[in-house]
Amino acid sequence: VYVPINHCVPGTNEKLKNQITEEQARECLLKLKEKNTKIIYHNGKFDIRVVNNTLGFYLPIWWDTMLAAQLLNENERAGLKPQFKKYVDPTIGTYNIEKLFIGVPYEWVDPEIFALYAATDAYDTYKLQQCQLKQFKQEGMEKLYNLFLNVEVPVTLVVAEMEDTGISIDLDFVSKLNYKYHKNMDKALNTLNELILPYSDIILNYQEAGKLDTPLNFNSSSQLQILLYDILKTTPLNESKSTDKATLKELNTPFTKALLEYRHYAKLISAFTEALPLLRSEKDNKIHASFNQMGKEDNNVVTGRFSSTNPNLQQIPSHEKVMRLMFKASPGYVIVGGDFKAQEPRMLTHMCKDPTLTQTFNENRDPYATIMSKVRHMDYWDCMEHYKDGAINPQGKEIRSIAKKLMLG
C-alpha cells in the first residue's frame, strides 16, 4: 500500500486533495513507535532519518534487508532490486527511481503512478525479508543471525542519530589554519621556483613546444617527470620514472623535498581547510557526514570497518594533530576521544589460543614488541617506543610498525 503525502499540482506548491497531512502521518506513525511495531526496511537509516526530519521522531527498526544482504554475502550488490531478482523472482525487471522520474520532483508525480513504485518497493522488501529469514535460520548461521539482530540492527538508530546530530567546526580556527597552510605552501612553491630558475631557457623551450604549461603545473605527474628527469637530470630509481610520494622521498633532493612540502600543504588545503566549511548545512551550520556501519568505502572495497563519506571524517591526518582542533563540541557538550587498545590482536589471541600472545595480554605487555623480540631475538624493551625507564627508543617505532604490518596484514 502507498499512502500519499505532500503531493502537489505539477509546477506549483499547491497540495493535492485526497492525501494525508504531515500531522496525520505523525499521529499514525507514533502509534507504531509506541507499540514498538516490527518494521522492515531496506536501507532503514535513510527512511528513519526522513521520518525524523519530517515528523520529529525516530521510528523503531526490527529488520533491514540491505544490512542483512551485506552480512549474508558482502561481495554482492545489496540494492533491493538485484537482491529481489536473485533471491525472490529472477524473471522480474529492474528499475531505478531516479531514472523513472528523471528531472521531475517526486511531489509532482501523480500519486496513482507513484504508488506503483512505492507499494512495489514495500512488497519486494517484505518478500526479500522472508527469504533472508530462511537463510538465517539455516544450521550454522546462529552467530551471524545474532550479530544481525542484536548488533547491526540496533546500531542503525545510533548511526541515524549521529548523522542527524552532525559535528560543529570552529570556523575562526579553520580560517587561521588555512592562512598558515597557504603561507607554508607558498614558501615551498617559491623554493621550487628558485631551484628551477637556472634552467629557465630549457623550460621555455619545452613550454614553446607545448610539453610544459605556463606557469609550470607542479600537480601534473607527466610534467613533473619532464622537469625532474629530463631537465633537472635527476637519476631515476626505476624505468617508470615515478613521481609518487615514496619515490620523491627516496630521491631526497632539494627539489623533491620542496615538492613534497608543497604537495603536503596543497592537499591539506584542498581536502580540509577550504573544503570542510563548504560542506556545512544551512540548517544548523554543522557538517553531516554519511556513516556506513558495514564498511564499504568510496572505492567499493569491503573492509567490514565502519566508514565515513561526504566527507570522510576518518581521513584527518594523524600526524597533523592541530587539525583536530577544527572540530568543536556543540554548546553544553564535550568531545571525547577513545580507542581500542590492540583490538585485532586480542581477537586473534582469543580465537587461536596462542600461548605466547595469551601470556602477553595476561601480563599487560605490548603484543607487537613481543612479536619482534621473538622474531629478532631482541630484548622486549628494545622493541618498544620507550625503554623501561621512560627514555625514548629511536628505533622502537619502526620496529613495532613491522610487527603491526605482519599481524594486521
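Just after helix 1, asparagine 36 takes a positive phi of about 50°. That is a handy place to start with this model, which is a predicted one. Helix 1 itself covers residues 22–34, and its length checks out: 13 residues at 1.5 Å a residue should span 18 Å, and the end C-alpha atoms do sit 18 Å apart.

Lysine 353, a residue other than glycine, has a phi near 60°. The loop that holds lysine 353 runs between helix 13 (343–352) and helix 14 (355–362). With a relative accessible area of 55%, lysine 353 is exposed, because the cut-off for that label is over 50%. Asparagine 364 is not a glycine either, yet its phi is positive at about 60°. Here the setting is the loop between helix 14 and helix 15 (367–375). Asparagine 364 counts as exposed too, its relative accessible area being 57%.

Next come the cis peptide bonds. One joins threonine 214 and proline 215, with omega at about -5°. Proline 215 belongs to the loop between helix 9 (200–208) and helix 10 (221–231). Another cis bond links asparagine 310 to proline 311, and there omega is about 0°. Proline 311 falls in the loop between strand 5 and strand 6.

That loop, between strand 5 (307–309) and strand 6 (327–328), is also where methionine 323 is found. Methionine 323 and threonine 273 are 50 residues apart along the chain, while their C-alpha atoms are separated by 8.8 Å.

Back on the outside, a patch of positive charge gathers Lys321, Arg324, Lys397 and Lys404 on the surface. Among these, lysine 397 is part of helix 16, which takes in residues 396–408. Its relative accessibility of 58% is why lysine 397 counts as exposed.

The surface carries a nonpolar patch as well, formed by Val158, Met162 and Phe306, and together these three have about 240 Å² of accessible area. Valine 158 sits in helix 7 (residues 142–165). At a relative accessible area of 48%, valine 158 is only partly exposed, because being exposed takes over 50%. As for geometry in general, an α-helix has 3.6 residues a turn, so residues three or four places apart point the same way.

Glutamate 194 lies in helix 8 (residues 171–196). Its relative accessible area of 58% makes glutamate 194 exposed.

Notes:
Residues are numbered from 1 along each chain as its sequence is written. This is a predicted model: local features need pLDDT of at least 70, side-chain atom pairs count only at pLDDT 80 or more; totals for chains, interfaces and linings use all residues. Side-chain values use heavy atoms; hydrogens and water are left out. Patches are made of residues with over 30% relative accessible area and no salt bridge: like charges are joined within 9 Å, nonpolar side chains (Val, Leu, Ile, Met, Phe, Trp, Tyr) within 5 Å. Accessible areas come from the Shrake-Rupley method with a 1.4 Å probe; for residues, only the protein chains shown count as cover. A salt bridge is a side-chain nitrogen of Lys or Arg within 4 Å of a carboxyl oxygen of Asp or Glu. Lys and Arg count as positive and Asp and Glu as negative; His and the chain ends are not counted. The place of a charge is taken as NZ of Lys, CZ of Arg, CG of Asp or CD of Glu. Helices (H or I, at least four residues) and strands (E, at least two) are DSSP runs, numbered from the N terminus. Buried means under 20% relative accessible area, exposed over 50%, partly exposed in between (1.4 Å probe, protein chains only). The expected span of a helix is 1.5 Å times one less than its number of residues.
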